[in-house]
Amino acid sequence: MAEETLLTDDFLRQLINVGEVDILVGLPTHNNAKTIDPVIRAVQAGILECFPRERVVIINADGGSQDGTPERVTGASIDDVWNVSKVYALRTLHSISTQYARSPEPGTALRTILAAADLLRAKACVLVSPDSTTIEPDWLQRLVRPVYNDNFDMVSPIYRRQKFEGALMRNLLYPMTRAIYGHRIREPYASEFAISGRLATDFLDKEIWNHDWGRIGAEICLTVTAMTGKYRVCQAFLGTKAQPDRSARDLLAAMRQTVGALFSSLDSNFPLWSAITGSQSVPTIGALSEVMLEPVRVNRKQLWEMFATGVAELEPIFRSILSASTLSELQRIATLDVSDFHYPGDVWAKTVFEFAASYHRSVISRDHIVQALVPLYRGRALTFLVENREGSGEDIERSVESLCGEFERLKPYLLEVWADRK
Amino acid sequence: MKREAGWYKDAIIYQIHVRTFSDSNGDGIGDFQGLAQKLDYVQELGVNAIWLMPFFSSPLRDDGYDISDYRSIHPNYGTLDDFKTFLSSAHDRGIRVIVELVANHTSDQHPWFLESRSSKDNPKRDWYVWSDTDTGYRGTRIIFIDTEMSNWAWDPISKSYYWHRFFSHQPDLNYDNPAVREEVWNVMKFWLELGVDGFRLDAVPYLIEREGTSCENLPETHQVVRELRKKVDDQFPGAMLLAEANQWPADLRPYFGNGDEFHMAFHFPLMPRMFMGLRLEDRKPITEIMQQTPEIPASCQWCLFLRNHDELTLEMVTDIERDYMYDIYARDKTMRLNLGIRRRLAPLLDNDRRRIELMNGMLMSLPGTPIIYYGDEIGMGDNIYLGDRNGVRTPMQWSGGWNGGFSIADPERLYSPPILNPVYGYQAVNVLSQKRTEHSLLSWMKHIIQIRRSSPVFGSGSIEFLHPANHRVLAYVRQLGRETFLIVNNLSSAAQAVELDLRRYKGNILIEMFGKNIFPRVGDLPYLLTMGPYQFYWFRLRRI
């Protein structure tokens with residue numbers, strides 16, 4: 001049993017004291033002391049307001065914080081929430097924290113939380129990001145109710161985002177996941193989501209935990225599992241999602257966690273996704289994706305330079321990954337002036353598919369493949385920004401939809417290159 | 001029987017309605033002679049006090065809580081001589097008798113009220129609360145919200161309004177009138193001289209009315225109580241006064257005064273929270289209300305109960321708690337009455353023997369004097385299709401025979417149909433069959449009462465709650481002198497492991513009080529107990 005070595009004796013003792021629960025709120029953390037307070041307050045208020053009768057536990061899986069994050073979680077007094085919201089819990093609300101054994105890895109945190117959900121027989125398990133400072137108490141019920149009351153197995157979020165935030169999601173993760181697995185899930189790699197106890201238990205038994213992707217890309221594997229298994233999936237609109245400040249290095253890490261995991265999932269699920277054509281919408285509760293139109297400064301020149309430099313410097317690597325025609329097209333695009341720059345959706349879709357096929361074949365180190373995609377993604381992101389600079393929310397939606405259409409249209413191409421490169 | 005001071009602290013009270021208990025003359029209604037014949041049973045049960053619901057002359061529009069003569073017995077129940085015989089027989093068995101004093105109001109058929117309403121000049125006019133309008137005391141809540149629209153009722157005879165906190169046929173007495181207070185004392189004196197051991201004073205908080213207040217718990221009400229108490233102490237030392245005041249603990253505390261008001265008061269808020277804690281499988285509701293329960297004078301005592309003749313009152317809970325209780329315990333709206341649930345103990349607990357035992361275990365081990373409602377000791381059911389609270393006042397089930405052994409009358413003549421369904425009917429649930437079975441609920445109740453009565457710790461000891469991390473476990477230590485008991489209750493339907501911090505009792509061994517088995521000695525480490533579903537332990541701590 002995986003959890004035998006995953007859970008410390010002290011954590012197990014705390015779980016015994018908690019006993020069976022209806023809802024488990026998981027908070028994976030690592031040095032989040034600066035942002036965790038409003039998150040925990042919102043979670044507690046959400047529990048008091050929406051689930052006063054249910055047995056609820058907040059479980060903090062911490063990756064070795066040095067800034068006192070776990071203490072902030074377990075020390076947050078429910079009385080403070082009670083005093084503000086004047087709502088009252090019928091039950092004891094448990095807040096427990098554990099430091100998982102390995103270095104900070106989101107997958108291990110998720111696995112710890114899922115193991116706890118499994119042991120406590122949670123009917124619903126909801127994960128909340130420790131840096132979601134815009135979280136509102138009712139996020140909790142929006143995520144949990146479909147699982148707890150309506151027998152969904154996974155609730156994926158939809159956020160209100162600033163129009164140039166979530167570019168990786170809009171340009172790669174969403175279109176590709178949708179094309180591959182046939183479900184229109186806007187946030188396949190979400191930091192907030194809810195799953196059923198059944199899915200939590202089933203996912204715990206997956207092989208992924210023995211692979212690197214299990215430690216760093218488990219969330220997207222979970223979404224893929226939900227889409228490819230006999231699970232009911234829906235989306236719920238939450239509200240404004242704050243985007244944490246990210247450096248260039250963060251993008252690489254994010255792509256390793258997300259794109260790498262997505263590519264990896266294709267290996268084991270080929271029989272499933274290869275038979276899927278087109279895509280279907282999933283039930284959505286609340287508003288569809290919303291876009292805020294506040295002007296945002298974008299350094300187009302920097303993005304252009306990163307793309308052009310990458311195409312030039314990584315050409316030997318691209319030769320082993322990309323087809324000659326795609327590489328040639330990229331090299332042509334790299335010669336365009338920043339003001340004329342345009343990385344078309346079909347070329348981008350082909351690029352991503354060829355990377356996926358190369359990843360499958362492991363033509364070079366898989367990690368290097370993901371790294372090599374980063375500058376190309378920047379080029380695509382630049383096109384997205386330029387195309388939508390003056391666009392409305394609807395324009396952006398049309399743009400995303402158009403890109404998704406390209407990914408779906410070119411899926412046979414993926415199957416082609418996938419077979420060629422086996 | 002000598003009234004010893006403080007006898008009530010170690011008492012276990014059995015609540016009986018004469019009408020429902022045993023019919024000696026075959027008229028279909030229980031009576032004092034029938035009750036006297038069943039005193040052996042009451043004695044065998046192990047209780048040492050009886051609380052009798054109203055048996056006075058009354059039109060019986062509120063089951064006797066509408067009294068028309070405080071000094072006579074309702075003819076349905078026998079004569080004053082029958083009462084005296086019963087009282088004497090009870091005392092002979094060491095059983096004390098507490099009677100009702102419905103002092104807040106009378107029946108509208110009481111001669112006092114008939115005189116009072118006869119004219120505005122009648123000397124007894126001021127014995128009740130009259131007004132030319134129905135606009136006074138606007139801040140006063142209505143208690144029987146299902147039946148009453150106002151606390152004022154129009155009297156067509158004297159063409160004015162009279163005040164009533166309960167049904168409109170129950171006008172409130174005017175305690176601002178010294179003549180009323182004197183007459184109420186005379187009534188008490190009458191029964192104390194006959195030998196009763198105490199009174200349960202009904203509806204105490206509502207004795208006095210004042211404009212601009214809630215007309216509840218007023219200082220003047222306490223003054224009335226203090227006057228009565230002083231007279232009781234001076235003339236009938238040892239007699240006990242029990243307050244029925246459905247209030248929050250902080251509002252109840254003044255009814256003990258400085259030991260110069262009531263000897264006992266019902267702990268109304270605790271009872272629904274015991275049911276709540278059980279279904280939530282969480283000790284929080286119980287420990288919270290106990291934390292809010294103030295200290296009371298040493299001579300005073302809380303009165304604890306699980307069920308009684310009224311609905312399971314939900315007045316002293318929050319809205320969210322009330323909604324929860326309704327959803328869990330009274331999903332069928334027929335079960336609801338006013339702000340409460342009109343059901344007996346066993347049906348409330350789905351006839352689950354383990355939960356019934358656990359609830360009784362807590363009743364007997366939390367600080368206070370427990371009251372057992374007649375029939376709950378055998379797991380009697382209820383009939384929610386009878387009106388008002390009559391569904392929990394059905395005939396006592398003595399045997400599987402004719403009318404459940406309650407009466408030889410034709411079944412159609414009984415004051416109330418007995419419970420007949422296959423689960424709770426008298427053929428399935430009755431005293432006779434349970435007396436013959438060692439492991440029946442009745443036998444178990446006798447056992448726990450015997451253990452409870454074996455030590456004054458339960459009645460008079462201190463309580464300290466333990467705080468094990470497992471919130472499904474309610475644990476507390478009761479202590480008096482050198483005796484220490486540890487009580488551990490598993491509120492969960494599943495087995496639980498619990499670690500108790502008993503370091504301060506290091507060196508003691510634990511002796512389980514039901515089986516008298518020895519448990520391991522307490523050491524420095526947390527004391528680990530594993531408990532089955534709804535299991536509870538009573539341990540005596542001994543240093544050997």
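Where is the place of A:Asn31 in chain A? A:Asn31 sits in the loop that runs between β1 (23-29) and α3 (33-50) of chain A. Helices (H or I, at least four residues) and strands (E, at least two) are DSSP runs, numbered from the N terminus.

This is a predicted model, in which local features need pLDDT of at least 70, side-chain atom pairs count only at pLDDT 80 or more, and totals for chains, interfaces and linings use all residues. Residues are numbered from 1 along each chain as its sequence is written, while chains are lettered from A and ligands numbered from 1 in the order in which they are written.

A:Asn31 is not a glycine, yet its phi is positive, about 55 degrees. Because it has 17 C-beta neighbours inside 10 Å, A:Asn31 counts as partly exposed. A residue is buried if 20 or more other C-beta atoms lie within 10 Å of its own, exposed if 12 or fewer, and partly exposed in between, with C-beta atoms placed from the backbone.

B:Glu281 is not a glycine either and has a positive phi of about 55 degrees. The loop that holds B:Glu281 lies between α9 and α10 of chain B. B:Glu281 has 22 C-beta neighbours inside 10 Å and therefore counts as buried.

**Chain B as a whole**

Chain B contains 16 helices and 24 strands. Its C-alpha trace spans about 80 × 55 × 50 Å along the principal axes. A compact globule of 544 residues would have a radius of gyration near 24 Å, and the 23 Å of chain B agrees with this. The radius is taken over C-alpha atoms, and the globule rule is 2.2 Å times the number of residues to the power 0.38. Of the 544 residues of chain B, 53% count as buried. Among contacts between residues at least 6 apart in the sequence of chain B, 68% join residues at least 24 apart. Two residues are in contact if their C-beta atoms, placed from the backbone, lie within 7 Å.

Helix α10 (residues 284-291) of chain B has B:Pro285, B:Ile286, B:Thr287, B:Ile289 and B:Met290 buried. These buried residues of α10(B) pack against α8 (249-252), α9 (270-280), β17 (462-465) and β18 (473-480) of chain B.

**Strand pairing in chain B**

Strands of a sheet pair through backbone hydrogen bonds, either parallel or antiparallel. Two strands pair if DSSP finds at least two bridges between them.

| Strands (chain B) | Sense | Bridges |
|---|---|---|
| β11 (residues 264-266) and β12 | parallel | 3 bridges |
| β12 and β16 (residues 369-373) | parallel | 3 bridges |
| β13 and β15 (residues 340-341) | antiparallel | 2 bridges |
| β19 (residues 483-490) and β24 (residues 536-542) | antiparallel | 5 bridges |

Strand β12 (residues 301-305) of chain B is mostly covered, with 4 of its 5 residues buried. B:Cys303 in β12(B) is the bridge partner of B:Phe266, and B:Cys303 also stands opposite B:Thr369 in β16(B).

An open sheet of 3 strands in chain B has the order β13-β15-β14 and antiparallel pairing. Its edge strands, β13 (312-313) and β14 (336-337) of chain B, each pair on one side only. B:Leu312 has B:Ile341 in β15(B) as its bridge partner.

Another open sheet of chain B has 6 strands in the order β17-β18-β19-β24-β21-β22, with antiparallel pairing. β17 and β22 (518-521) of chain B stand at the edges with a single partner strand each, so one side of each is left without a neighbour in the sheet. From one strand to the next the twist averages 25 degrees. Within this sheet, B:Phe485 stands opposite B:Arg540 in β24(B). Helix α13 (residues 353-365) of chain B packs on the sheet and touches β18, β19 and β24 of chain B, its direction making about 150 degrees with that of β19(B).

**A helix crossing in chain A**

The axes of α8 (residues 167-181) and α18 (residues 366-387) of chain A come within 10 Å and cross at roughly 115 degrees. Axes are lines fitted to C-alpha atoms, for helices over the stretch in contact, and angles run from 0 to 180 degrees between N-to-C directions. In α8(A), A:Ala167, A:Leu168, A:Arg170, A:Asn171 and A:Leu172 meet A:Tyr377, A:Arg380, A:Ala381 and A:Phe384 of α18(A). By class, this contact has 6 nonpolar, 1 polar and 2 charged residues. Ala, Val, Leu, Ile, Met, Phe, Trp, Tyr, Cys and Pro count as nonpolar, Asp, Glu, Lys and Arg as charged, and the others, Gly among them, as polar.

**Between the chains**

Contacts between the chains involve 10 residues of chain A and 17 residues of chain B. On the side of chain A that touches chain B, the residues divide into 4 nonpolar, 3 polar and 3 charged.
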